[in-house]
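Please walk through this model with attention to how individual residues are placed and what surrounds them.

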Amino acid sequence: MTSTHWKPLADAKRQSILDAIPFKWRIQESIPTATELRNVTGAYIQKFLTTREIEITELDAYGIADRTTTGEWSAVEVTEAFCHRAALAHQLVNCLHEIFFDAAIEDAKRLDAYFAEHKKPIGPLHGVPVSLKDQFHVKDVETTMGYVGWAGTFQGLKDDPRNRVFESELVRELRALGAVLYCKTSVPATLMCGETVNNIIDYTTNPNNRLLSSGGSSGGEGALIALKGSPGGFGTDIGGSIRAPAAFNGLYGIRPSSGRIPYEGAANSMDGQNTILSVVGPLAGTARSLQLFFKAVLEQQPWLYDPLVLELPWRSGIELDTRRLVEQSAKEPSKLAFAIMKDTGVAKPHPPIARALQIVEQTLKRLGHTVIEWTPPSHITADELAGAAYSMDGGADAEYHLGLAGEKPAPQVILHTGLSQKTALEVAGINVAKREYQKQYMDYWNSTSQATGTGRPVDAVICPVAPHAAVIPTRYDYVGYTSFLNLLDYTSVAIPVTHADKRVDVAQPREFLSEVDEKLYNGYDADVYDGAPAGVQLFGRRLQEEKMLVLAEYVGAAVKA
């Protein structure tokens, strides 16, 4: 097999995606380059849409569901509007791997017929278009996961009877809820990359600033939702792959603890590695939309169909208790306590992210809440343990799947080739060290009850999602702001805060915490980052999804106000 064997296959797959876009939705004019026009959200993409399409697609998933589940809006009209906008989004930033608009419109017609006959929706997502990261299998649709060698196969297996027939558990549940599935979004080959790049679609850029990345590995989801080509969708996260694309694109995104949302039947990298489990979670433009998706999936009782899902329905009691705390805090701010972690001790964030943290901290203090400094156990330990988990197979899985077509990955894709595979004894040692670190972090969290004034430990912690607002291609050099939470298996929600501003976000001389800190500092370019979304994450302890979603909605709204 020659080194260029994969190129015709990649070219054919890339063209098939473009060919799936109806001619009437293809952009006929020359699209400006990134240097000519960085931001293609808002007015630029809107000029290709009708007034009615803009009205539909500018609404969040919660608002759309309010109209489609009551019959005010038809599923067909909503679906067609989002299919059109998604087609435009792909032409602008390369965010789609699979397009199945015709099947989606047929599904929408069936939903409208059902509503006309029964005068009620099929479920809480009736008529709501939902996009999916290209790990989820959908009937009659390919899953390549960014690998050229997966084209025409089932996860690289030729003549497998599951090809184009099998559906992932989440897909089955979304259909049962009345969601309309219409596209699958781009990912980096191997999934182990903070940018979205592969040999099929090339590179997924950031709609707010096309000089930058949309993040990874759920970067296609982030870019599509930022362009409002989707009201919300599902990604996965093993080291930041939901939260980074959410933050980089000005969105909300939740990394739940393992065992809440079904992963059964989805494609994955390093399948079977369970020291740090990849988890499924939604991304959307609003916190209330995240809650809509999360609650809806749990209504399907996924623990009956996925052996790794916990029998843990949506806990309305925790949601209501947290909302009461939020309401009471308007009169007694001391009811809520937060912590701020400004850096990991390994790398400090760029000026836009430092300013975003400051905005959140000042907002919470202005509202009267207790905000303490977060000084947990060493994040160097967390970095080392996460790195050991991600490289357990010595890159064998990635090497095998890239080798199916003989393709060469982009330089920023992390392969771990050349490292030795861990023995069973070494894996056991990593798992023991992880458990000990989790216990240290737990004890530290409990100790904060002495500093909050509420009688409880802190309710949530605010910290960066990444050192940078989005990222310059090939310069995602540190994942420690997200991977430690995967190691702990804590609940975390990305929250949009502000945008980078070259007039304000000026780097000042300072001492460096490490070599990677110095590298990140030297990689900051205020002009290049100008206009990029700058978000943070709010995290709680394990399995605190109900509480964190309510607090994310509260903090996000307070910051916006």
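Cys463 is buried, because its relative accessibility is 0%, where buried means under 20% relative accessible area, exposed over 50% and partly exposed in between, with a 1.4 Å probe and protein chains only. Cys193 likewise counts as buried, at 7% relative accessibility. The structure is a predicted model, in which local features need pLDDT of at least 70 and side-chain atom pairs count only at pLDDT 80 or more, while totals for chains, interfaces and linings use all residues. Residues are numbered from 1 along each chain as its sequence is written, and side-chain values use heavy atoms, with hydrogens and water left out.

A disulfide is a covalent bond between the sulfur atoms of two cysteines. With a disulfide taken as a pair of cysteine sulfur atoms within 2.5 Å, a search of the whole structure finds zero of them. For Cys193, the closest cysteine sulfur belongs to Cys95 and is 17 Å away, so the two are too far apart for a bond.

Which residues does UniProt place under the feature "active site"? The record, an unreviewed entry, gives Lys133, Ser217 and Ser241. These positions are spread over 109 residues of sequence, yet they cluster in space, with a largest C-alpha distance of 10.8 Å. UniProt positions are given in the numbering used here, feature names are shortened, and annotations may be inferred rather than shown by experiment.

Lys133 lies in strand β2, residues 129–133; helices (H or I, at least four residues) and strands (E, at least two) are DSSP runs numbered from the N terminus. Lys133 counts as buried because its relative accessibility is 0%. Contact means heavy atoms within 4.5 Å, and, not counting residues up to four places away in sequence, Lys133 touches residues including Lys184, Thr185, Phe234, Thr236, Ser217 and Ser241. The side chains of Lys133 and Ser217 are also joined by a polar contact of 2.6 Å, a term for a pair of N or O atoms within 3.5 Å, where within protein one must be able to donate a hydrogen and the other to accept it, and where residues adjacent in sequence count only if both atoms are side-chain atoms.

Ser241 is found in the loop between β8 (232–237) and α9 (243–248), and it is buried, with a relative accessible area of 5%. Its side chain makes a polar contact of 3.0 Å with the side chain of Ser217. Beyond the residues up to four places away in sequence, Ser241 touches Lys133, Leu191, Gly216, Ser217, Ser218 and Thr236.

The unreviewed UniProt entry also places the feature "binding site" at Leu191, Ser217, Ile238, Gly239, Gly240 and Ser241. Although these positions are spread over 51 residues of sequence, they cluster in space, and their largest C-alpha distance is 10.9 Å. Gly239 lies in the loop between β8 and α9, as Gly240 does. Gly239 counts as buried at 15% relative accessibility, and Gly240 counts as buried at 4%. Leaving aside neighbours within four places in sequence, Gly239 is in contact with Tyr390, Val479, Thr482, Ser483 and Asn486, whereas the contacts of Gly240, not counting residues up to four places away, are Gly216, Pro245, Thr482 and Asn486.

Finally, Leu181 lies in strand β3, residues 180–185, and is buried, with a relative accessible area of 1%. Its contacts, not counting residues up to four places away in sequence, include Phe100, Ala104, Val130 and Leu132. Leu181 and Val128 are 53 residues apart in sequence, while their C-alpha atoms are 8.6 Å apart in space.
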